[in-house]
Each structure stands twice: as C-alpha cells, then as structure tokens.
Amino acid sequence: MRIPCPHCGERDYSEFRYGGDASKQRPAHGSGDIKAWHDFYFLFDNPKGPHAEYWQHVLGCRRWFVLTRNTATNEVGGPA
Amino acid sequence: MTRFHRRPEGGHIDRARQVSFTLNGRSYSGFAGDTLASALLANDVTLIGRSFKYHRPRGLVSAGVEEPNALFTLGSGARTEPNIPGTIVDLVDGLEARTQNAWPSVGFDLMAVNQLAAPLFQSGFYYKTFMGPAKGSWMFYEPFIRRAAGLGAATRAFDPDRYETRHQHCDVLVVGAGAAGLAAAISAGRSGARVFLAEQDALLGGGLLAEPAMESWRQARLAELQAMPNVQMATRCTAMGLYDDNLVVLVERRDHARPDASKGQPRQVSISLRAKAIVFATGAIERPLVFGDNDRPGIMLASAVRTYLNRFAIVPGRRAVVATNNDTAYPLAAELAAAGVAVMLVDSRPTTAAVAPGVNVLADSSVATVAGRGHIQQVTLSGAHRATFDCDVLAVSGGWSPTLHLTSHTGIKPRYDAAIAAFVPGGFAKTHFGAGAVMGTFGLRAAIIEGAKAGVEAAGAAGFATSDGAMTTIQGNDPTYAITVAPPVLSGKGKAFLDFQSDVTAKDVKIAHQEGYQSVEHLKRYTTLGMGTDQGKTSNVNALAAMSELRGMQIPAVGTTTFRPPYTGVAMGAIAGRGIGKHFRPTRLSPLHDWHRANGATFIEAGPWLRVYYYAWAGDTVATAYVKEMELVRRGVGLSDVSTLGKIDVQGPDAAEFLNRVYVNGFAKLPVGKARYGVMLNDDGVVLDDGTTTRISETQFYLTTTTAQAGEVMSWLEFLLQTQWRDLRVHVTSLTDEWAGMALAGPKSREALQLAFPGVDVSNHGLPYMGCLEFDYEGAQIRLLRLSFSGELAYEIHLPADYSIPLWEHILRVAAPLGIKPYGLEALASLRIEKGHVAGLELDHRNTLDDLGLGKMAAKEKPFVGKELRMRENLQAPDRWSLVGLELLEPGKSLRGGAILFAATDEIKGHGRGYITSVTWSVELQKTIALGLYQGGLKNVGAEIICAFPLKDEFVRARIVSPHFVDPKGERLNA
Amino acid sequence: MLERRSALAGTKEIASSRVRLGEVRGFTLTQVAALDDPVLSDIRAVLGDLPQHPFCGEKDGRRIFHTAPHQFWIVGPEADDIGRRLEGMAIVTGLSHSRTRIFVEGPAAPDVLAKVIEIDLHEAVFGPGMFAMTGLHHTPILLHRVTASRFEIYAMRTFAANAWDWLADAALEFV
C-alpha cells in the first residue's frame, strides 16, 4: 500500500503509523460528559469501503493527516 | 536399450562445457544450459521419485515450474534444500541431488507396501481416523505418518548462504519473457519508460525456446531489448506475488553464479518492485490427461517432450504415442517424426487437425490403459481404435490453463472461457494488462501482436503516451486452437491421478462428492488436492472438471480455488533477507555505550535499546552484582546512564497551557528553573506515562518520558497539536538522541557534584529538590536537575550526547576519592522498587491513577486528557487491583514477577486477587520485597497472602505493606 | 574543553573503487520552526529564500532542508551562530548531536542504498540536490543526494551504529 504524505509525497505504508478513526470528532478539551467521551472512544463503525483515518508519517516529516482509505481494497484518496 | 538420448547437435545447451553432478551419490554429466531434469533425462534416468501417499514410481511430467513429481533434495549439510523441482534447477558443476520419499531407494521402496493399504489413504482418511472422536489420536499418529509420507526433510542447521532484499521501481513491469512478453517489453521500452522484464527461466524466450522456427525472431528481439538502456532484463527471477498498489515481490536466484557469502554475494535476492503499470505475459501450463495409471514414468506433457526435444536436444526412444484433445500437440508429433521417432498421434476428437508426413493419426480415440510399471511400455486405446501400441514415451495434452496466479492475487476471480476450456483472468485493474497465452491467446502471431499492444498501453498508463507498437511478427496466420474436453472417466481400472504430487485420484473426488465436500474449497481441503508444493498447477482444472461432472454443473458454476502468493516455492532465507541475527531488529545504543562496553558492562535488551545490566566491578552475575550496586547508591555515590529516557523539547507561547492539558497535575504555574513530576493519561483515563518536566523559560519546557513510552508519548503530543488543538502555539521536537542523561545518586552525590563542577553552587539552597541549573562546562551545555528515582539524594545531568563520555569519565575521575562507581539497570530498577516508584512494569496501559496510588495528583479544577473517562464506574470501583508492597515471609524462598496473589484462605485457582509486577532484594531491609497489584490495595496492609507461581509449583507467603519501603517521608532526597 | 565523540567513533571508513562509506563530522544542525506564516518571513530575512521540499538549499556554506511544513533543518559548519541569530523570532532547537551523518559514495552507491531504502533512487526521480526523509531498517533518516554518486544520510545518533552496520553489510559485495 502507498500513502500520500502531504509533505513528503507518496511512500510505502511501512513509513507510517495508523492513528485510528478520523470520522468522529473528539470532544473539545474540557467539554463533553462521560457519555460523549465513551461514544467517541469506544464506539466505532466498521465500514466496508471508504474510511477516514489518521495516519502519521513517523519515518518522515512526522505530520499527522487524515487519509481516506477503502477498507476493502486499500485504495487511497477520494471522499470518505 | 535407452529410452532417451541426446542428439549430437541443436538445442540451447553448450556442449563445450560439460558439467558433472551426482544423483544419490552416483556421478553423471550434462551440459551448461541443462536443468537437473534435462540432464537426468539425457542420461536416461526416468524413475526419479516415489509418490507421496502410495509410493508409486514417478518420473518427469513437465519441463517447468509446474513439475509435480521430480522433486529433489539438493545440497548437503547446512545447505540441504528439500522439495526442489529438478525442472527449474540450473545444472552446475558439483550439484548434489537426492531423490525423496523413497527408502531405501527409488527402485526398491519398502514403503510401496502402502499401495497394498491403499484404501486407508483415500481422501478423508486422515480426517476420519485422526480428527475423529478419539481425542488426541492425531497427536499420536502424526509423527509416524509424517515419516512415511513426508516430502524431503529440511535441515536444522543455520543456512550459511546469504540472502538479500532489494527495492526497485519501474514504469512498466513485464512478467514473462515469451513471445508476448518480449514484444511488450520492446514496445513499452520504445516509449522511454523504465521497463523491468522478469523471467523465471534461465533464458529469455518462454515457449519460443521449444520453437526452432522462432529462434531468429527471438534473437532479433533480444538484440533490440539489449540496445535499450531503459530496459532491465532479469532471468531466474520469478514474480511470486502481486500486492496492493502494484507491489510485486520477485525472487531472483543466483546459484548458477556460485555466490560466495563471505564476499557478500547473495544466493537469492527478494525484490520488492513498485511498478506504475504491469503487463502479465505469464503464459499457460499444459494439463495432463486423466486415465488409469496416468502417472507412470514415461508419460509426460506434450509441451515437456517438445521442450526436451528442441531446447535440450533429447530424443525420446524409438516409439512415441502422442495423445491429445487439442491441436497444440500436433507440431510435436511432426518434430518427433522428423527426428526419426515412430509416432502415433491419438486424438480424442472425431476430426483431427492436419498432420505432417510421417505421423500416424487416430481420431476419436483415447488412452484407456497403459502397461509397464517402472516405465511405460504399452498404450491401449479406447474409442474408435481399440488398439495397443508399444512405446517409450507417451506425450499427453489435455489442453492449456493460462497462468493467472499473479493476476488473481489481488482478489479478482478468474473467468471460465468455454471455447478454450480454461480459466482466463477475470479482469484487470486500470494499470494491468495481459498478453499472450495468459489471455487464452495461444497463437504465436496473435500473442506477439497482443504483447506489443499491451506494452504500448502499459507505457501509456505509466505516463508515457507516445510509443510505437509496430512489431516484427511472423508470416502467415496462426493455426486455430480447438479443444474438446471429454468428460473425465471417474471409474475404471487403475488409479487415474488428477494431482500427482498430493496423490489425489478421480476416485477421491468422487468420494468427496459423495460425502458432501462439493464446494471447491471443501474439495481441496478434504482431498488435499492442490495443496502440494506445486500448488496444483497441473491438476486444478482437471479436478474442477471432475467435480462439475459429478455435480451436473458447468465448471464456472463450480468455481476455482483462491490463488495466493507465492507462485512457486521461496527459500525462507529470501523472505528474511539480511534481517537475521543481530539485524533481526534495529539496535539502539546510548551515547555512553562505547564507554560501557570498554568498562566491563554486561548488557540487556530493553525494547530496541541495549542497556547496561550490571558492571563487572560489582560481580560476575547479576544476582550478586546488582546488590553491590544498590549498596553503592544507598551508602556512597553511583553514576548511572539514563540516556534512554524520552526527552522532548516543548516550545511556544502556549507551551505551559499545552502541558497543563496533557498532565493530570498542574503545570501552568511551574516556575522557571523548576522540575515537576507529571502523569499523563490516555483519553480512556488509563495511565499512559509519567516523567519529570522542567521549565527552562516562560515558553520552553524540557519534558522527559519513560524509556518504553518515549515514541508513544511523542506521537501523542504531535497528534494533539496537529489534529486537535491546532490553535495552541506550541512546537515539539524529540531530544532523545540530542541529549544524554546520567543519574548521580547516593548520600555523597552532592560532594561528587562539587568535585565535578567546582564553580557551581549545588548546595541545598543553590539547587533544591526539583530544581534545575543550566550552565556551560568546558564548552558543553549542562542541564543539572535535582531529581531522585532511588529515593536518595540524587541528580540528573543532561548534556548534548557527543560530550557524554568525556563528562562521564570526568565525574568518575574527580569523584574517585568518594568511591564512586557506575551502576546498571538492574540496580536502578531495584532502587526504585525500594522507593515504591512505579515504572514500566506497573504502567502497563491497564492501570488508573488510583490503581497506582497516584489518584491525589489529579487536579480537581482544571480539565486534563482522560479526566472524563477516568471517572467510569468500573475504574472507580473500590475493590480494584491496586498498588501494594509485599514482603516475603519465608526467607530462603523467592518471589517472582507474574506470581498470582491469593488471600490466605483462598483456594489456589483462577486469576486470584492480583499479581506481582516487580521483585528485588532490599539492601535496606535485608529481605525480598516486591511491588504488585492486589484487590482493594492498601486496605489490606498487614494481611498475609499467598504468592502462587504454579508453573514452578511455588506457593510462598508474603505480607502486604506500604510500597514505600525506603524513606517514606522523603528526608533523604530533600537533604 | 570537552571533546566531541561521535556515535561512530569506533568505526573505520570503508573504501573500494566501487563504494566508499564514511562519516562526516563537525557540523551544526539547527532546527528552526515557525508557528505561522509571518514568522517564515522573519526567517527569510535571515536565511534568504527558503528551499521547498524535496530540494536542498545551499547558501553561505549551509544546507537547508525543508523537513516539515514550517520547519527547516540548517546544516552549517561546526561553529555556526545561525541558531542564536534566529532565536527569539522562531522556535529554534539545537540538534547537532542528534544525528550522525554518513556518506555513501561511488558508482555502486545507488545499488547499496537500494538494498536498504525503499524510495526510488533513479536519477530522474531523485536527482542530485534532492533529499527525502524515509526509513532505513525501520528507523527514520534524512537522505540527501549530494551528487549523482554521493549520498549523505542523517541517521538518529542512537541508531547510527545500527545504520552503519546495515549499510556496511549492504556494501559488502562491492568492497
């Protein structure tokens, strides 16, 4: 799988670390109750198809970015 | 009488270079250009193995990677390599080959008695007998069955050869260098694209190598390719697998070049190739015909007989029968006749194709039975001509199966093409193209044209728009390819094999069908069909035909099994590459490492780090050394390397606010020049890490993490800043590699410091507990922190890494009168147990602040990461397992990390009420102590409990105490 | 004065007609980061035009690498005051000790690197003057192609010995 890093360009996925589901909004600092944080932290959809994800280019510029990856084909890009 | 002999001329072999080799210790010779298989055939060695289950005599079936029978063990000693098809082995001088699966010899095989017990070995036998109701029976029988029925045995010795991996990139990858592949590579190459042409064979040409009339065409194309600097041609280079985003893994074999590992020459190279576009020109594999005893030595694929005749100049005997259901065997019959062999061509179709002079042809006839055990002697036909013929070889063609393994690896299911009675690629990704036989295009002229077109298209897909697809091709039209597949005979005399290597017969398929294992995936697993090292390359379609017949369905409805990498066998070494031994994973070294190594350190792995376990001055074994090192710190002064701590530069106007958010305790008001111990949680309220962070200026902090969580914390801080709190004006940079750290600890540490830095005021006033001084010492920037991990008066000295060894040596030298010595990780970690400091063993991403006795640190007023989910009901439950100290009550016995804790009255069963995390001998208390987690924690202080370690049958009594064994009031570190 | 000691102090240069492997010592590595665009302008006032990834800028004896958005590495001579000149206007972090600089040079240099580095090293793709931050044996490096046949690797100091061993092993067949 190839991942386009917004700074370094397209690289092998082994240069990156996966950082979880980016489709949900993390509650703002100091806001949200247990329920809101619980739902954010523990409840996930498991879509077959496009999925917005956090990735970090750990062997490169160390930028975090949101990547849309098709979970069925590993095709990258396009809308989530 | 010989059955096979070498012609004096012709073929792609070099008669000037004779090559000697051995088979089972006996010497033979062949020529450069031979494979092991062709050399054996030229020596008239036709019986070369025994079959897997029934130990039937077997000979060569093919001339390529599809070979199911002719598997050899090559080499000896540590270089022993089993199960290698002789058809792909370059003949090199001194090659040692052994036949497999026969004892004591292939000619006289005691295990052939298995044939008498044949009913036992029908499909499903293993399942029913060994996986059945009698539990454990497979465990009992397996070793016996493996010994009797196994393939070759691998060596247990370390492989002395060298294997490498290589990364490559190209615009167009062409897989296969037959007619279509050569044409594709040329037309793609003309565009200027970087082309990689991969051919698994030692020679480029594929099927052309068995087409004498095409030799000049082949030579001309090779010359064209060689003139293109942008085309790289790789032989003995097999595309093993196709993965996401056009990653193709190829394995290149270099045995022929006699690689010398000591000179860094690899035996095999695993290439990870990224291609912008791919042309699959992988060809097709011929199928055998299914009839009784169709596995007798001397029965070979027609394409193989043709390859041995034309490429290796080996003529089969005097009489040959060619049996076919399609047109492609006809040229072979003509060539055999021209070579002086009496040929009978038997075609199962009612009408035959045109035949050459000298070939006798019988239409509407099929092979019914064969005679001859060690080698075929006679063929008896059924159908229109029920005659019997003597023969030395029976060449069979059951049609062709496109080699669509690679095209299927990404999950595209093949499509059945009834016109050619075979599966073809079911579709292609945008950057994938096919040409030639893999597409079911069996005519040479058509394959060349298709290849040239695919090359242009692939270059276009790679961004090279203008390319010339004009290709020198051949005159005349291709002969039409016509095939009529007769329904497979599922009963009758003799075993009719579908899968030679796994010994699966047509009858086995029938049994599988009767017992309900009808889907192809079930059929495969029930009968073991296609599960051998050849992965069913010759058997798949014939077996599907049999099952579809039984189920009364068409083949497409039955489907085919899934193709998975690798396409052919791969040496384990090629997968590992150089990532073996000390390079299995990267090793991380402290900037002080060279000093440690030169000064008696014993090292221990801690994650990627090599850390000092203990020093030789303190003892020969860790058990004695760490105690002496602990005593050094408790009574004098010691110096320890803590450079592995994670260190992070946090800078910016909002740096204090940022740290105030990520730590549970307050950092906003930390004064400049002061350090503070902090704990971070994950969003889920569980402890992520702890460490000490120092305020260098209003806008700059020096944050430290534990060694284990350094990378994790860094990524987490970056995540928060870059994705969640983009409004915070803060920048973080790892300083773990920039700064070295050393801990100076013990009652005499201040004296040592005064000796080391005479001009600096390190008095309790000048540098109080949790204070920080920054100064320049001999050109090096020093960050001196008064922190304590051991509980003693202690300091940490941080400085740029390149200066660390000189400074370390300086301190040891000037403080020598105080008795200063270095101490290692075991003592460091034990001192902190005495002090009751939690570390990695307790910070295991399962424990909360309260579990670790740190609940009071959590700020009430300010928000912090994890604050909300920390309050989850179960995380606040009163009986959670939480931190306790333990004292061993049975001197002479030992406590162990991981021991399960039980109340004194509990039955010793299950998960208990907690576990021990860390154990040490306490030099302070002169007894064994431990840290652990126990249900209800410190509410149980004073209770006697049982520490159970059932694996070693140890059950030891201990008492729950406060985890602060040493100086609970902190008088020493504040002194 | 304390004398600097490299992570590769114990290694010897490897040299053959096809490949040379050694260390470049005595440089200053300064990281400068801007929290917003106006700060970038301030930095430009000191450094001049800033190069854009993936091209290395060379000016006044310094090399400048655009290592992340709004972040640059300045590789200067052993005594370089550029960090002091930038302090106050941008976020400056001294990293001179954090990276070990290894050169791989000679006609076989690309072949050696192809064994250990995933990115495409073809001159048309990764030509002289370009750099990439990528991985070497699972660890991050900055790879700078100085000329067609000379590469410089900035490896993490604590992994430098590992990187050296890994490169030396890859170079073995050319030595």
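Two residues are in contact if their C-beta atoms, placed from the backbone, lie within 7 Å. The model shown is predicted: local features require pLDDT of at least 70 and side-chain atom pairs count only at pLDDT 80 or more, while totals for chains, interfaces and linings use all residues. Residues are numbered from 1 along each chain as its sequence is written, and chains are lettered from A and ligands numbered from 1 in the order in which they are written.

**View 1. The side of chain A that touches chain B.** Here 20 residues of chain A are in contact with 17 residues of chain B. At least two residues each are supplied by β3 (17–21), α1 (34–42) and β4 (50–56) of chain A; helices (H or I, at least four residues) and strands (E, at least two) are DSSP runs, numbered from the N terminus. The largest share, four residues, comes from α1(A). By class, this side of chain A has seven nonpolar, seven polar and six charged residues. In this classification Ala, Val, Leu, Ile, Met, Phe, Trp, Tyr, Cys and Pro count as nonpolar, Asp, Glu, Lys and Arg as charged, and the others, Gly among them, as polar.

**View 2. Chain A as a whole.** Chain A contains one helix and five strands, which follow the pattern β-β-β-α-β-β along the sequence. Its C-alpha atoms fill a box of roughly 40 × 30 × 20 Å along the principal axes. Of its 80 residues, 28% count as buried (20 or more other C-beta atoms within 10 Å of the residue's own, with C-beta atoms placed from the backbone; 12 or fewer make a residue exposed, and values in between partly exposed).

**View 3. The side of chain B that touches chain C.** In this interface, 37 residues of chain B are in contact with 37 residues of chain C. The elements of chain B that give two or more residues are β9 (163–175), β31 (588–589), β35 (646–651), β39 (731–734) and α20 (804–814). Six residues, the largest share, come from β9(B). This side of chain B has ten nonpolar, 14 polar and 13 charged residues.

**View 4. Helix α3 (residues 109–116) of chain C.** Six of the eight residues of α3(C) are buried, so the helix is largely enclosed by the rest of the structure. Those buried are Ala109(C), Val112(C), Leu113(C), Ala114(C), Lys115(C) and Val116(C). Their cover includes β9 of chain B, together with β8 (99–105), β9 (131–136), β11 (150–156) and α4 (160–171) of chain C.

**View 5. An open sheet of six strands in chain B.** The strand order is β41-β42-β43-β40-β34-β44, with mixed pairing; two strands pair if DSSP finds at least two bridges between them. At the edges stand β41 (772–777) and β44 (821–822) of chain B, each of which pairs on one side only. Six bridges join β41(B) to the antiparallel strand β42 (residues 780–785) of chain B. Tyr777(B) lies opposite Ala780(B) in β42(B).

**View 6. Contact of helices α10 and α12 of chain B.** The residues Ala506(B), Val509(B), Lys510(B) and His513(B) in α10(B) meet Ala543(B), Ala546(B), Met547(B), Leu550(B) and Arg551(B) in α12(B). The residues of this contact divide into six nonpolar, one polar and two charged.
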